[in-house]
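Dear colleague,

Please find the structure below, together with its sequence. My notes on its nonpolar core and its aromatic pairs follow.

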Amino acid sequence: MTARVAPARQMWPLYAAGFTTAFGAHGIAASLGAHSADAVTSLLVLGGLLALYDGAEVLLKPVFGTLADRIGARPVMIGGLFAFALASAAYVVADSPGWLWAARLGQGAAASAFSPSASALVARLNPAARHGRAFGSYGFYKSIGYTLGPLLGGVLVWAGGLRLLFAVLAVLGAAVAGWAALAVPAVAPLPKVRQTVLDLARWLTRPVFLRPTAALAAATAALSVGVGFLPVSGRAAGLGTVATGGAVSVLAACAAVVQPRAGRALDAGRLTTRTGIATGLSLASVGLGCAMLPGPAGVICAAALIGAGTGLITPLGFAALAAATPAERLGQTMGAAELGRELGDAGGPLLVAAVATLTTLTHGYAALAVLLATGPVVGLVRRRASEVR
């Protein structure tokens, strides 16, 4: 970690990388259920397509995170962005349901490289006392991608089909890669003590890693379900294409507004990670409960509360991980944490889709809401028990 704050010109490409993965993931995800009847033939297929991108990240993010520690985060990030552009261009050329699956898999594999590398660089280029602000700002621009993704994705697909959306993503990935190559400084990998598999396992099972990572996974599960399935609920409530995209964008807009404020509150000592994360999980759980309500009001309330909850959790979780991790292992930790997030990102839609297939979508929302509420309830019970002792 550095002792000085990185200048804005070095941070902007990192923010753009966060925007790219968010815009790519959720711009396509929010459009699949409403615009791709030829490729999405059931809720289970929709869940599978939503999970495919994240499934690739689950397998590869720890690998690329470790690679970033070994050779430097900058080349891994730039290479991942170029690979993202190539995967997006592949579907533009091929344009078939089978290639849609292949392109989403390729995009997920590429994001596995540049997403944890960008997170590691955010931490390496800023002092520890500014990590809340740094991750809050990074999360803000990533949330802008989530916000614009469903809305602009819907407009692009309406105007030119999925091929146009993938073409825009190809150009975006290549442009951000070139920008990062010009503006982001090389950050040399730090020497580190040899680590055995047992040492890694011990670190990954410590509470200082598990608690924030589990919270990040839960928040991402709620976010992914909101982006993927709220358009289905909106369509059932009579909302049109642009209206459903706008409703989902409310989710990401709320997350974008909350994240920088949460980061600043953490750095200033006005908020603790424990309180902020518990509050965020509670808000997301209530938001999923609102999604069970009929009509457009339930969709809007769900989007706002899920967004606010994830906005609280994300910068606090990453700042907690950065504070607990030696600088020479930031890539590995961020990659492992992103693994947890992607398990949530993939598991959330699959859980809701599986329950919805057996019952209804309302029951799917309820299942995830109960799961998210478990964390704050368990924490409250433990605190009360310790107070009694």
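Which residues touch the most other members in the largest nonpolar core? They are Leu 14, Met 77, Leu 165, Leu 230, Leu 288, Tyr 365 and Leu 372, in a core of 98 residues. A nonpolar core here is a set of buried Ala, Val, Leu, Ile, Met, Phe, Trp, Tyr and Cys residues joined through side-chain atoms within 4.5 Å; buried means under 20% relative accessible area, exposed over 50%, and partly exposed in between (1.4 Å probe, protein chains only).

The model is predicted: local features need pLDDT of at least 70 and side-chain atom pairs pLDDT 80 or more, while totals for chains, interfaces and linings use all residues. Residues are numbered from 1 along each chain as its sequence is written, and side-chain values use heavy atoms, without hydrogens and water.

Leaving aside residues up to four places away in sequence, Leu 230 touches Val 225, Val 248, Leu 251, Ala 291, Val 299, Ala 302, Ala 303 and Tyr 365 (contact: heavy atoms within 4.5 Å).

Rings of Phe, Tyr and Trp (its six-membered ring) pair if their centres lie within 6.5 Å; planes under 30 degrees apart are stacked, over 60 edge-to-face, and the rest tilted. The count is eight aromatic pairs. Trp 12 and Tyr 141 are edge-to-face, at 5.1 Å centre to centre and 65° between the planes. Trp 12 is partly exposed at 36%, as is Tyr 141 at 25%. Phe 84 and Phe 114 are also edge-to-face, at 5.9 Å and 90°. Phe 84 is buried at 0% relative accessibility, and Phe 114 is buried at 0%.

Yours sincerely
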